[in-house]
Amino acid sequence: LGVAVHEIELHFFGGAAKMASAPRSPRDEALIALAGPAVSLAVAAVTAAGGWVTGDWLGLLSLLTTINLMLGLFNLLPALPMDGGRVLRAVLTPRYGMLRATQIAVRVARALAVGLGLWALVNGHFFAVAMAVFLWVLGSRELRLAEMLAGQPRVGDYEVLDRDGHVVA
């Protein structure tokens with residue numbers, strides 16, 4: 001779609017493309033965001049088919065199917081900065097503009113993070129607590145970036161801005 005990618009960082013939760021520029025349109029953002037989960041779901045389909053053909057229902061192919069299916073579905077959750085959150089923002093942008101769409105997508109992400117965090121604490125799933133914190137922190141970072149791009153930087157607790165709105169300390 002004409003967006004240059006410098007590199008792709010792979011994390012436990014998936015990957016993140018480091019793009020040289022923003023997508024040209026909300027449609028492009030949605031298509032780019034859907035590519036990651038689509039690959040995960042395609043890999044799940046291929047490994048499931050391989051398991052069916054080879055009879056490997058409980059072996060490595062089954063494990064790869066499960067991991068890729070869960071990864072693809074997890075990344076479709078409408079929580080920014082995950083792919084589903086980017087799709088949500090892309091859907092909202094034509095109506096509300098990029099900044100307001102990002103604010104809404106971050107609110108959804110924070111609600112999901114709080115729900116996930118509470119569920120995880122009650123059920124003793126501490127890895128899920130870390131995922132909830134991850135959603136909150138990275139969603140906040142996305143909001144801050146959108147504010148800066150919109151020319152509305154928000155000053156943090158310990159930040160000093162110069163006259164042009166750039167953080168100097």
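1. Of the 169 residues in the protein chain, 29% count as buried. The model is a predicted one, and the points below should be read with that in mind. The accessible surface of the chain amounts to about 10,700 Å². Carbon and sulfur atoms account for 68% of that surface.

2. The secondary structure consists of five helices and two strands. Their order along the sequence is β-β-α-α-α-α-α. As for contacts between residues with a separation of 6 or more, 45% come from residues 24 or more positions apart.

3. The pair H1 and H2 comes first. H1 covers residues 26-54, and H2 covers 60-75. Their axes come within 8 Å and cross at roughly 155°. The cut-off for roughly antiparallel is over 145 degrees, and H1 and H2 are therefore roughly antiparallel to each other. H1 passes H2 in a left-handed crossing.

4. On the H1 side, the contact with H2 is made by Pro37, Ser40, Leu41, Val43, Ala44, Thr47, Ala48, Gly50, Gly51 and Thr54. On the H2 side, the partners are Leu61, Leu64, Thr65, Asn68, Leu69, Leu71, Gly72, Leu73 and Asn75. By class, the residues of this contact are ten nonpolar and nine polar, with no charged residue.

5. The loop between H1 and H2 holds Asp56. Is Asp56 buried, partly exposed or exposed? Its relative accessibility is 22%. Buried would require a value under 20%, and exposed a value over 50%, so Asp56 counts as partly exposed. With neighbours within four places in sequence left aside, Asp56 is in contact with Gly51, Leu61 and Ser62. Gly51 and Leu61 also belong to the contact of H1 with H2.

6. The loop between H2 and H3 contains Pro81. A cis peptide bond joins Leu80 and Pro81, with omega at about 25°.

7. H1 also packs against H3. The axes of H1 and H3 come within 8 Å and cross at roughly 165°. That angle makes H1 roughly antiparallel to H3. The crossing of these two helices is left-handed.

8. Which residues form the contact of H1 with H3? From H1 they are Pro26, Glu29, Ala30, Ala33, Leu34, Gly36 and Pro37. From H3 they are Asp83, Arg86, Val87, Arg89, Ala90, Thr93 and Pro94. The contact divides into eight nonpolar, two polar and four charged residues. Pro37 of H1 is also listed in the contact with H2.

9. H3 (residues 83-96) in turn packs on H4 (residues 98-123), at an angle of about 140° and with the axes 8 Å apart. That makes H3 oblique to H4, because roughly antiparallel requires an angle over 145 degrees. H3 passes H4 in a right-handed crossing.

10. H3 contributes Gly85, Leu88, Arg89, Leu92, Thr93 and Tyr96 to the contact with H4. H4 contributes Met98, Arg100, Ala101, Thr102, Ile104, Ala105 and Val108. These residues divide into eight nonpolar, three polar and two charged. Arg89 and Thr93 of H3 take part here and also in the contact with H1.

11. Thr93 is located in helix H3. Its relative accessible area is 13%, so Thr93 is buried. Beyond its neighbours within four places in sequence, Thr93 is in contact with Pro26, Met98 and Ala101. Pro26 is one of the H1 residues that meet H3, while Met98 and Ala101 are among the H4 residues in the contact with H3.

12. Where does Ala101 lie? Ala101 is part of helix H4, and it is buried, with a relative accessible area of 0%. Leaving aside neighbours within four places in sequence, Ala101 is in contact with Arg89, Leu92, Thr93 and Tyr96. Ala101 and Ala146 are 45 residues apart along the chain, and their C-alpha atoms are separated by 9.5 Å.

Conventions: Residues are numbered from 1 along each chain as its sequence is written. This is a predicted model: local features need pLDDT of at least 70, side-chain atom pairs count only at pLDDT 80 or more; totals for chains, interfaces and linings use all residues. Side-chain values use heavy atoms; hydrogens and water are left out. Axes are lines fitted to C-alpha atoms, for helices over the stretch in contact, and angles run from 0 to 180 degrees between N-to-C directions. Helices (H or I, at least four residues) and strands (E, at least two) are DSSP runs, numbered from the N terminus. Angles under 35 degrees count as roughly parallel, over 145 as roughly antiparallel, 65 to 115 as roughly perpendicular and the rest as oblique. A crossing is left-handed if the near helix is turned anticlockwise from the far one by less than a right angle, and right-handed if clockwise. Contact means heavy atoms within 4.5 Å. Ala, Val, Leu, Ile, Met, Phe, Trp, Tyr, Cys and Pro count as nonpolar, Asp, Glu, Lys and Arg as charged, and the others, Gly among them, as polar. Buried means under 20% relative accessible area, exposed over 50%, partly exposed in between (1.4 Å probe, protein chains only). Accessible areas come from the Shrake-Rupley method with a 1.4 Å probe; for residues, only the protein chains shown count as cover.
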